[in-house]
Amino acid sequence: MKISRRLLTNLLCVIFLSSAFQSQAQPLTGTPAPPAFKFTTPMPPGVVVPDSVDTRLGTLRFQGGVPDQASTDRIYDNLDFQRAVQAYLLALPVVNQMANRAAILAMGPANTTVPIWEQLVDSRTVELTANDNTPYTWFWIDLRKGPLVVEAPPKVLGTVNDIWYRWAGDIGFTGPDRGEGGKYIVLPPGYTGDVPPGYHVIRPGSLSVWIVWRSFVVDGSPAPGVELVKKVTKVYPLGQSATPPAMNFVDMSGKPFNMVGPGDFRFWELLNAAVQNEPTESLDLTTLGFWASIGIQKGKPFAPDERMKKILAEAAAVGDATGRTIFYRNREKEALFFDNRKWKRPFIGGYKFEWQPGVANLTGSAMYFFAATGVTPAMDTQVVGEGSTYPWTATDSDNNPLDGGKSYRLRLPPRVPVKTFWSVIVYDAQTRSMLQTDAQFPSVSSQNKAVQSNPDGSVDVYFGPKAPQGRESNWIQTVPGKSWFTILRLYGPLEPWFKQEWRPDDIVLQP
C-alpha cells in the first residue's frame, strides 16, 4: 500500500506532537484511594495531603484534606505571627521616624521649633548612629495647612526625608543651592496649585517632613556655622515672607535626650499613628496589606484582642531580634565593601534599597533603618570629593563581636583619601547610639590636631577600657560587658577610596 507524501507528513506531525505532549505532561501514577470509582484518577505526589504532617508547628492533622480545629488554630496563629514579623520589618523606617518626630516635637511645635546641637552631639543624645563631628540642625515641618518655604543657610550639608523615610531632596552642598543657601518650597502630597518661580521645589510623600543639616567646624569652633544657621533659617507659609514667624532655636548639646523608638508593643502604636495621620497613597499595596493583616488600616481602629496582642508582642520581640541579626550578623556578600575586609556598606542596593530597579531589597532596608537615620543619594555617591561614605563594622579581624572589656587596634593606612576629614566613632550595640563612657565624645577624628600619626603616615586608633600609654589622643574608651560597633566616616571621599586602592585594616584584638 502506498502512502502519499502529505499523509506521511501529517502522521509524523501527530507522532511528534503526541510525544512532545507526553514528555511535558505530569505523569499520573500511584494507586487510587479505595473505593475506586469509574472516573477515579491516581493523584501525583504533592496534591493530596496525608492525614497528619509533622512540621515546625507540631503535628498538623487533616480529615480528607480539611484541617481539624486544633490544627486550624495553630496555623492561623502562625500566619498572624509570620505576617506580624514581616510587618514589623517593613515598618522599621516609619517607626524610626515617628520616634524621632515625637522626641523633637516635645521641644516645641513643628514649623517654628528648631533643635540645634550648638556644641556638637555628645553621648547624652541617644540617637541612631549620630555623629559628634559637626553641629546638627534637626527639625520637623507640618504641611497640613499648605506649602511651606524653608530658607536654608549657606555652608551646610543636609537632606529632606518624609515620614516613610524616603528621600525627598537635598539641601546645601549636595542640593541645588550647592552650599550657597537658598529658598526651598516644600509641597504637600497631591498639591496641584501654582508654584511661583525662585524656589527649589521639594515634594515629599507625607505631611510630616523631617529636615536635617550639618554645619561645619571652622578653626576648631562650631560657633561660626551655628551663628549662620540661626541668622538665616526661616520657615513660613507661602506668601508670608514679609512676616515670617519667629524661630525658636533650642540648644540640645549636653542634654540627656532620646530619639530611639521602642521595640516592644508600643512599636505597633507608633505605626498605627502614622498610618492614621498620614496619606498612604504613595505606599505599595503589599506593605499596606501586611499592616492591614495585623489590624492597622487607615480609617479603622487598631483594637487587637488578647490573642492578637500576645502575638503582636512576641512578633515585636522577634522583629527586634531579626533587625539585630540582619545588622550585626549580615550574611549578604553585597554588604561588604572589600573582598578581604570586614567593613560593611550602610546601603545594600543603594539608597533606595533595591536588588535591581523596581525590586526591593528587604534585607538592606531593615538593616539600615534598624541602626541609622537619614537617607540621601549623597551618602551613597560615587562622585569624587562629594558627599560622604560610612564603612562600618561590628566584628574584629576574626569575625568575633567587639567586646568592651578587651583592647583592639584599627590601623588607617597613610593618606586617608578625604577632601574634608575622617572620623571613627564608637556606638553601643544595644542602643545603636554613641557609647556612654567617661568621654563626652567617643571618637577619634582628623579634626583633632592632637591625634598622632605613625612615621609612615598611618594612624592607629585604639579601643578598650584603658588607654595605651602615650596614645591617649588616639584612644576611644569602651565598657566591659558591653558590645560595640564603629563607623569610619569619610567626608568628601577621594579617588583611591572608590578604586579601592586605599583600604582600612580590620580591627585587631590586642594581647
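The model is predicted. The unreviewed UniProt entry lists residues 388-494 as "domain: DUF1214". In the model that span is 42% strand and 0% helix. Its end C-alpha atoms lie 10 Å apart.

**Sheet**

An open sheet holds four strands, ordered β25-β24-β21-β27. The pairing is mixed. β25 and β27 are the edge strands; each has a single partner strand, so one side of each lacks a neighbour in the sheet. β21 pairs with β27 in the antiparallel sense, over two bridges. Within that pair, Y408 stands opposite L509 of β27.

**Helices**

| Helix | Residues |
|---|---|
| α2 | 69-105 |
| α4 | 266-277 |
| α5 | 285-293 |
| α6 | 306-328 |

Helix α4 has 12 residues. From first C-alpha to last it reaches 17 Å, close to the 16 Å expected at 1.5 Å a residue. Its buried residues are F267, W268, L270, L271, N272, A274 and V275. These buried residues pack against α2, α5 and α6.

Helix α2 also holds D80. Is D80 buried or exposed? Its relative accessibility is 11%, and the cut-off for buried is under 20%, so D80 counts as buried. Which residues does D80 contact, leaving aside neighbours within four places in sequence? They are I294, R307, M308 and I311.

How values were computed
Residues numbered from 1 in each chain as written. Predicted model: local features only at pLDDT ≥ 70, side-chain atom pairs only at ≥ 80, totals over all residues. Heavy atoms only, no water. UniProt positions renumbered as here; feature names shortened; annotations may be inferred. Pairing = 2+ DSSP bridges. Buried < 20%, exposed > 50% of the residue type's maximum accessible area, 1.4 Å probe, protein only. Contact = heavy atoms within 4.5 Å. Expected span 1.5 Å × (residues − 1).
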